[in-house]
Each structure stands twice: as structure tokens, then as C-alpha cells.
Amino acid sequence: MGTGFSNDISYKGMLFHIETEDKGPGIPTITTSLFYKGMVLYTKRINYSDIIKFERLNEVIDELMRKQHKDVLKELFGGKLDSLIEEKLGFQGKGQ
């Protein structure tokens with residue numbers, strides 16, 4: 001464990017970075033963060049301590065990570081994070 005996913009994505013003329021990582025069974029948490037120019041804009045976490053004893057834990061965690069990564073991308077591209085982005089960055093739209 002201790003793996004992750006990382007993408008640079010363009011949205012409304014701005015380049016964002018999204019990372020999803022697993023902290024491993026010692027800290028059973030999957031974290032997905034959305035960044036803009038190094039600033040964390042949004043973070044989503046899931047604790048999986050309730051499934052730590054699953055026989056195929058690595059496969060389950062991989063699927064949870066993929067889903068959470070996709071869910072945050074859907075939130076971004078669906079406009080659900082627009083007001084948060086505007087609030088945190090103090091502007092909205094292209095070229096900023």
C-alpha cells in the first residue's frame with residue numbers, strides 16, 4: 001500500500017493538480033486533494049479501518065482510491081467546487 005494516483009487537469013482555463021493516496025494500514029485513510037499552484041483547495045478522505053481485515057484488502061483499497069479520485073474529478077467538472085475555488089482563490093474563470 002502507500003500508493004496513489006496523480007493528474008494535472010485543466011478546468012476553466014486553470015491548471016489543477018489532483019492526488020489520491022493511501023496512507024497504508026497503519027493510518028487506514030485514503031486522501032484525495034485538489035491543488036492549484038501548490039495550494040490545497042479541497043480534500044476528501046475516507047477511513048477504511050472497518051475493512052482492514054479483508055482478505056483482498058489491496059484490491060478493495062485500489063478500487064476505493066480509483067472511485068474517490070474519479071468522484072473528485074466529477075465534482076470539479078460538474079461545477080460543484082466552483083464556489084469553493086472562487087472563495088479560496090478570490091477570482092473565477094480563465095487566465096488567472
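A note on the model before going on: it is a predicted one, where local features need pLDDT of at least 70, side-chain atom pairs count only at pLDDT 80 or more, and totals for chains, interfaces and linings use all residues. Residues are numbered from 1 along each chain as its sequence is written, and side-chain values use heavy atoms, with hydrogens and water left out.

**Overall layout.** I took helices (H or I, at least four residues) and strands (E, at least two) as DSSP runs, numbered from the N terminus. I get two helices and four strands in the protein chain, in the pattern β-β-β-β-α-α along the sequence. The C-alpha trace spans about 50 × 20 × 15 Å along its principal axes. For burial I used relative accessible area: buried is under 20%, exposed over 50%, partly exposed in between (1.4 Å probe, protein chains only). Of the 96 residues, 38% count as buried.

**The sheet.** In general, strands of a sheet pair through backbone hydrogen bonds, either parallel or antiparallel. I called two strands paired if DSSP finds at least two bridges between them. Here I find an open sheet of four strands, order 1-2-3-4, with antiparallel pairing. Strand 1 and strand 4 are the edge strands, each pairing on one side only. From one strand to the next the twist averages 15°; axes are lines fitted to C-alpha atoms, for helices over the stretch in contact, and angles run from 0 to 180 degrees between N-to-C directions. I then looked at strand 2 and strand 3, which pair over seven bridges in the antiparallel sense. His17 stands opposite Phe35 in strand 3.

**Helices on the sheet.** Helix 1 lies across strand 1, strand 2, strand 3 and strand 4, and runs at about 10° to strand 1. Helix 2 also packs on the sheet, touching strand 1, strand 2, strand 3 and strand 4, with its direction at about 135° to that of strand 4.

I checked its length, taking the expected span as 1.5 Å times one less than the number of residues. For the 21 residues of helix 1 (residues 57-77) that should give 30 Å, and the end C-alpha atoms are 30 Å apart, which agrees. Which residues of helix 1 are buried? I list Leu57, Ile61, Met65, Gln68, His69, Val72, Glu75 and Leu76. They cover an arc of only 125° around the axis, so they sit on the same side of helix 1; the arc is that of the directions from the helix axis to the C-beta atoms. Lys70 and Lys74, on the other side of helix 1, are exposed. The buried residues pack against strand 1 (4-11), strand 2 (14-22), strand 3 (29-36), strand 4 (39-47) and helix 2 (82-89). Just after helix 1, Gly79 takes a positive phi of about 85°.

**Aromatics.** I paired rings of Phe, Tyr and Trp (its six-membered ring) if their centres lie within 6.5 Å; planes under 30 degrees apart count as stacked, over 60 as edge-to-face and the rest as tilted. By this rule I count three aromatic pairs. Tyr11 and Phe16 make a tilted one, 6.4 Å centre to centre with 55° between the planes. Phe16 and Tyr36 have ring centres 5.4 Å apart and planes at 50°, so that pair is tilted too. It links distant parts of the chain, with Phe16 in strand 2 and Tyr36 in strand 3, 20 residues apart. Tyr11 counts as buried at 9% relative accessibility, and Phe16 does at 1%. Tyr36 is buried as well. Tyr11, Phe16, Tyr36 and Phe77 form one aromatic cluster.

Which lysines did I note for a positive phi in a residue other than glycine? Lys12 has phi near 55°, and Lys37 has phi near 50°. Lys12 is in the loop between strand 1 and strand 2 and is partly exposed, at 36% relative accessible area. Lys37 is in the loop between strand 3 and strand 4 and counts as exposed at 71%. Is Asp82 buried or exposed? Asp82 is buried, with a relative accessible area of 16%. Not counting residues up to four places away in sequence, Asp82 touches Tyr11, Lys12 and Leu76.

Notes
Contact means heavy atoms within 4.5 Å.
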